[in-house]
Amino acid sequence: MCLAAPSIGGGAPAPPSPAEVAQQAVELLPLGAPDIRLAPPSSGLVGVPVWMWVHTSEETWGPISRTASVRGVSVTATAQASRVVWDMGDGTTVTCHGPGTPYTPDQGAKPSPDCGHNYTAPSTSHPQGRYRITATTHWSIRWSGSASGSDAMARTSTASLAVGEAQALTQ
């Protein structure tokens with residue numbers, strides 16, 4: 001982005017506004033889409049908890065900061081993810097106010113303590129026989145320097161999960 005500024009009395013160009021420099025700082029932030037993790041990772045069962053979380057890094061969860069400076073005006077923008085909204089593909093939306101807890105095998109069939117879902121129907125009735133899961137990370141951005149302010153952004157990723165039914169035989 002090139003900031004063209006009018007000159008002051010025919011001399012040096014006027015400095016850009018802090019908001020213009022803040023926009024440059026925000027554009028420098030390499031905010032990534034959520035790195036989706038699921039347990040089970042590819043197929044599950046009706047009624048068995050699905051754990052959802054995002055792998056955290058500076059680019060996928062934050063905090064992350066970048067500074068822009070133009071003709072004496074300097075602004076630092078800092079972004080931090082605040083929540084992940086999961087569209088589970090079955091009409092359910094789950095909002096998690098953190099990245100979620102990674103699943104470990106010792107958890108067995110327990111539900112996630114902070115970010116999970118139970119499917120109530122198999123995915124065979126959906127296109128391609130899988131639920132399409134969409135995760136959207138919502139970022140809060142604060143900027144400060146020559147002035148201060150805030151902004152917000154979102155980044156989205158998708159995954160899919162086959163969900164089947166377990167059959168039991170009784171005599």
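A nonpolar core is taken here as a set of buried Ala, Val, Leu, Ile, Met, Phe, Trp, Tyr and Cys residues joined through side-chain atoms within 4.5 Å. In the predicted model, the largest such core holds 35 residues, of which Met52, Trp86 and Tyr119 touch the most other members. Two or more residues are given to this core by each of α1, β1 (36-39), β3, β4, β5, β6 (93-96), β8 and β9, and its largest share, seven residues, is contributed by β5.

Helix α1, which spans residues 18-28, has Val21, Ala22, Gln24, Ala25 and Val26 buried. The cover over these buried residues of α1 includes the strands β4 (64-70), β5 (73-87), β8 (131-145) and β9 (149-164).

A search of the whole structure for aromatic pairs returns two. In one of them, the ring centres of Trp51 and Tyr103 lie 5.2 Å apart with the planes at 80 degrees, so the arrangement is edge-to-face. Because Trp51 belongs to strand β3 whereas Tyr103 is found in the loop between β6 and β7 (116-117), this pair ties together parts that are 52 residues apart in sequence. Trp51 is buried, at a relative accessible area of 2%, while Tyr103 is partly exposed, at 26%. The rings of Tyr119 and Tyr131, by contrast, have centres 4.3 Å apart and planes at 15 degrees, so this pair is stacked. With Tyr119 in the loop between β7 and β8 and Tyr131 in strand β8, the parts tied together are 12 residues apart in sequence. Both partners are buried, Tyr119 with a relative accessible area of 1% and Tyr131 with one of 2%.

Apart from residues up to four places away in sequence, Val46 touches Tyr119, Thr120, Ala121, Pro122, Val163, Gly164 and Glu165. The C-alpha atoms of Val46 and Glu165 are separated by 5.5 Å, although the two residues are 119 residues apart along the chain. Val46 has a relative accessible area of 28% and is therefore partly exposed, this class lying between the limits of 20% for buried and 50% for exposed residues.

How values were computed
Residues are numbered from 1 along each chain as its sequence is written. This is a predicted model: local features need pLDDT of at least 70, side-chain atom pairs count only at pLDDT 80 or more; totals for chains, interfaces and linings use all residues. Side-chain values use heavy atoms; hydrogens and water are left out. Buried means under 20% relative accessible area, exposed over 50%, partly exposed in between (1.4 Å probe, protein chains only). Contact means heavy atoms within 4.5 Å. Helices (H or I, at least four residues) and strands (E, at least two) are DSSP runs, numbered from the N terminus. Rings of Phe, Tyr and Trp (its six-membered ring) pair if their centres lie within 6.5 Å; planes under 30 degrees apart count as stacked, over 60 as edge-to-face and the rest as tilted.
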